[in-house]
Amino acid sequence: MADLIKQIKARHPIGSFVASYTRGLKSSGKGFMIGFCPFHKHSYKRPNFWVNLEKGICACFVPTCEAHDPPMDVINFYARLKGLTNQEAITELGKDFDSSQNRRVIVGF
Ligand SMILES: [Zn+2]
């Protein structure tokens, strides 16, 4: 399991992974990116979702947001976004490695 998690994180660098779900994600200083939180029901005028590339975590600045605390890694992020448990997220993200079966789930967003 630890290996699979490591593989998932290697395969899905947090910056590009979060960028595919987060509007306007841009580099903001060394090792950080900022964009619009994908967990808000309402839109905010200012970017409020941060990614720490070095630590591989992300979270929202807004204290009332469900994604505020604790910070998430790619697995937690994906699980929360899709309403999955972490285990389900690991299974789903891990599926991509098995190209022989070619049964990658296309998730609409
Ligand atoms: Zn938020």
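Two strands count as paired if DSSP finds at least two bridges between them. Strands (E, at least two residues) and helices (H or I, at least four) are DSSP runs, numbered from the N terminus. The model is predicted: local features need pLDDT of at least 70, side-chain atom pairs count only at pLDDT 80 or more, and totals for chains, interfaces and linings use all residues. Residue numbers start from 1 along each chain as its sequence is written.

**Sheet**

An open sheet of 4 strands has the order E1-E2-E3-E4, and its pairing is antiparallel. E1 and E4 are the edge strands, each pairing on one side only. On average, neighbouring strands are turned by 20° against each other, direction ignored; axes here are lines fitted to C-alpha atoms, for helices over the stretch in contact, and angles run from 0 to 180 degrees between N-to-C directions.

| Strand pair | Bridges | Direction |
|---|---|---|
| E1 (residues 23-27) and E2 (residues 32-36) | 3 bridges | antiparallel |
| E2 and E3 (residues 49-52) | 4 bridges | antiparallel |

E1 and E2 form a hairpin with 4 residues between them, and Gly 29 in the turn has a positive phi of about 85°. Met 33 in E2 stands opposite Ser 27 and also opposite Val 51 in E3. Ile 34 stands opposite Trp 50 in E3. In a regular strand the side chains alternate between the two faces of the sheet.

**Nonpolar core**

A nonpolar core is a set of buried Ala, Val, Leu, Ile, Met, Phe, Trp, Tyr and Cys residues joined through C-beta atoms within 7 Å. Buried means that 20 or more other C-beta atoms lie within 10 Å of the residue's own, with C-beta atoms placed from the backbone. The largest such core has 21 residues, and those with the most contacts inside it include Ile 14, Val 18, Cys 58 and Tyr 78. Two or more residues each come from helix H2 (14-19), E3, strand E4 (57-60), helix H3 (74-82) and helix H4 (86-95). H3 gives the most, with 5 residues. Leaving aside neighbours within four places in sequence, Tyr 78 is in contact (C-beta atoms, placed from the backbone, within 7 Å) with Ala 89 and Leu 93.

**Helices H1 and H4**

Leu 93 in H4 also takes part in a helix packing: Leu 4, Ile 5 and Ile 8 in H1 meet Ile 90, Leu 93 and Gly 94 in H4. H1 (residues 2-11) and H4 pack at an angle of about 60°, with their axes 10 Å apart. The two helices are therefore oblique to each other: angles under 35 degrees count as roughly parallel, over 145 as roughly antiparallel, 65 to 115 as roughly perpendicular and the rest as oblique.

Notes
A residue is buried if 20 or more other C-beta atoms lie within 10 Å of its own, exposed if 12 or fewer, and partly exposed in between; C-beta atoms are placed from the backbone. Two residues are in contact if their C-beta atoms, placed from the backbone, lie within 7 Å.
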